[in-house]
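Here is a short briefing to read with the model open beside you. Please take a look at the structure first, and then we can walk through a few of its local features together.

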Amino acid sequence: MNKEKGPKNVLIFGYNIINWLYKDIIPILKKRYKSRIIIIASENSLLEFNNILDKDDIAIDHYKLTKSLKQGFGKNIEEERVLARKNEEEYNFSYMRDVIQQDRQLSTYFLSHSEKFIWTEDKNLNDDYIIKLVNKCVNFSEKLLNEEEIDLALVWPMDYLSATIANIFEFKNITVTYPYNSKYKNYGFWASSAFQDDKVLKEYFNSTNDLALVPIKEITPPNTGWPATSEMDKIYSFRNILKKILKTTLFRFEFIFRDLIKLDFSKKDRIGYFTSIFFQFHSWWIYKKITKNSFKSIDNIKDKPYLFYAISLEPEFSVQARCKEFNDQKAIIKQLALSLPIGYEIVIKEHFDIGRRGWSFYNDLCKIPNVRMAHPSIRGIDLVAESRAVATMAGTVTLEATLMGKNVIEFSNHSSFSFLPNVFTFKEFYNLPTVLRDVMAEKKGQEINKIRSYGARVRKAIINMSFDAPNSPLFYSNDSYKGLDKLNLDKAVKLLLDLFARNSIKK
């Protein structure tokens, strides 16, 4: 048996787009280290894991677990509040910011970022409910950690339970990681921490020698699973919206028919039919409004130097989690516009997925004299190429801009690229005008090539710290994906164990 130190008790929080990798990794961990697995996943996912789990492993149905957490609140509310404040202090986290904000279904309706999204109201949600719910999650996490002696947690904080577990486990110095999109092609990597930082990429970057500059024509967006932006007019046509509504209606009849067969008349945790229909119409209407109030040709913005801001999709992990400390994009864009040197503009572009925001979001921003809106059908990478600099939450444009020799402003304390000399991380606004003057200053060839050299090195560093997973669900490509080839599976396991070993040394 390999004497290398490996994880003995591994917690896995199942998630559809990464379960395929976990299923390949579990047998390797068991064979090499006799690792015991504790897995929390949906009923269907657990069935897929059954044949690789042993009698000593533990499988927990996620739905049944969360249902039990939402019931049987015991203490009176004042006792619950005292306990909540004690938990926040003990584990150094915030219930609202670090847990509830991470749950789309719980947080979407009271956060202004996506007021027209399909999850826009939760009648049960209030301050007292949140306190009781997270208190029970904290208690569950403590028991899980202590009783099962977890030393590695593959937990992506995507809902209130996984976010609670991630926060508490990390506070207790347990390695928390999961596969994540590297922002380059099909490369995935193991997150450095629950909400990520730049430590791992920085290490690989510093050990990478200078490389030849990447030709501009070779800079391409990563694979995302979204259709080409050139298809947007077709996708958001009235005819296509009607097709989606018909499809939604047929699915609704299918659900009702299945319930009737089972004689199951209980209330279901489903998105309302009329909510879904309204969202489809709203998406079409917003797209029409954006089309009327934006420019469709990149030639329309070549008259002035501009800062490009790609509006991030919300709710989304890259915003609500990786930018959890401050992620009000409307406020950020306003501050950028107000702080730009005179004669410069900020160009904004919405994500492909239209309809989550109301029209007032765009209308209020476009009233500002130096704000212009690009049509979503223009590729972001082309707007980066013509820009003087870019601003982003924690988006792909940071890598694209660096490869092209441009400065970047980021509003994230959890970006992988914070260490790069051309990246300015903002934590306060008072000096934004001063920084923008430097960021927007015109650069000469040598300055541009210096930044491009960082881009070449960081791209190579990404490849070195990642495994290649083309057409995998991690990139929203193929639900019937068969898994990594042997070379990349071996690399994925090695990178995971390297991260585990690195964190174990630090304890």
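Helices (H or I, at least four residues) and strands (E, at least two) are DSSP runs, numbered from the N terminus. This is a predicted model, in which local features need pLDDT of at least 70 and side-chain atom pairs count only at pLDDT 80 or more, while totals for chains, interfaces and linings use all residues. Residues are numbered from 1 along each chain as its sequence is written, and side-chain values use heavy atoms, with hydrogens and water left out.

**Backbone points in loops**

- Lys-185 sits in the loop between strand 6 (179-181) and strand 7, and has a positive phi of about 50° although it is not a glycine.
- With a relative accessible area of 41%, Lys-185 is partly exposed, a class that lies between buried (under 20%) and exposed (over 50%), using a 1.4 Å probe and protein chains only.
- Asn-471 is not a glycine either, and its phi is positive at about 65°; you will find Asn-471 in the loop between strand 14 (467-468) and helix 20 (486-506).
- A cis peptide bond runs from Glu-314 to Pro-315, with omega near -5°, and Pro-315 belongs to the loop between strand 8 (306-310) and helix 13 (317-320).

**Asp-198**

- Asp-198 lies in the loop between strand 7 (187-190) and helix 9 (199-206), and its relative accessibility of 17% makes it buried.
- Beyond its neighbours within four places in sequence, Asp-198 is in contact (heavy atoms within 4.5 Å) with Ser-415, Ser-416, Phe-417, Ser-418 and Phe-419.

**Helix 7 against helix 8**

- Two packed helices are described by the angle between their axes and the distance between the axes.
- For helix 7 (residues 127-148) and helix 8 (residues 160-171), the axes come within 9 Å and cross at roughly 55°; axes are lines fitted to C-alpha atoms over the stretch in contact, with angles from 0 to 180 degrees between N-to-C directions.
- Helix 7 and helix 8 are therefore oblique to each other, the class left over once angles under 35 degrees (roughly parallel), over 145 (roughly antiparallel) and 65 to 115 (roughly perpendicular) are set aside.
- Among the residues that meet are Leu-133, Cys-137 and Leu-144 in helix 7, and Leu-161, Ile-165 and Phe-169 in helix 8.

**Cysteines**

- Cys-137 is buried at 0% relative accessibility, and Cys-323 is buried at 1%.
- The structure holds zero disulfides, a disulfide being a pair of cysteine sulfur atoms within 2.5 Å.
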